[in-house]
Amino acid sequence: IILSFIHENNLRDALLTYVPGSPLTGVETTHTAKQPPVETEIYIQLLIVLYLLDNSLFPAAVQCSKDLAHRVAEMPTRRTTYPLAARAYFYYSRAIEASGIVFDVSI
């Protein structure tokens, strides 16, 4: 899924590092199709955070959700991203809570 929908090489490689057993980091792909909406990329990253939380990979979940929260905070305001941004912030605080880290959950 990541290789199909994420066209930006840096983001794709960063997301693949969170998936255990993915030997495809650093693979250059050429996409002639139109870039998917940013909502698709956010949703895929949310799925990765959920995967990490479900498999008790809390340090990776904290880092991935922190990256997602920063990415959402820096995006231009689009109403279609509001529900996804809310989920991103929720899972960021959930990952911190599950990892047992006690500090300020500010972006």
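Accessible areas here come from the Shrake-Rupley method with a 1.4 Å probe. On that basis the protein, which is a predicted model, exposes about 6600 Å², and carbon and sulfur atoms supply 57% of that area. Of the 107 residues in the protein, 35% are buried.

The protein has 5 helices and 0 strands, and from the N terminus on its elements run α-α-α-α-α. When contacts between residues at least 6 apart in sequence are considered, 59% of them join residues at least 24 apart.

Two residues illustrate how accessibility is assigned, given that buried means under 20% relative accessible area and exposed means over 50%, with partly exposed in between.

| Residue | Relative accessible area | Class |
|---|---|---|
| Glu41 | 4% | buried |
| Phe90 | 47% | partly exposed |

Glu41 has its place in helix 3, which covers residues 38-54. Leaving aside the neighbours within four places in sequence, Glu41 is in contact with Ile6, Leu11, Gln35 and Arg71. The C-alpha atoms of Glu41 and Ile2 are separated by 8.6 Å, although these two residues lie 39 residues apart along the chain.

Technical notes
Residues numbered from 1 in each chain as written. Predicted model: local features only at pLDDT ≥ 70, side-chain atom pairs only at ≥ 80, totals over all residues. Heavy atoms only, no water. Buried < 20%, exposed > 50% of the residue type's maximum accessible area, 1.4 Å probe, protein only. Helix = DSSP H or I, 4+ residues; strand = E, 2+ residues; numbered from the N terminus. Contact = heavy atoms within 4.5 Å.
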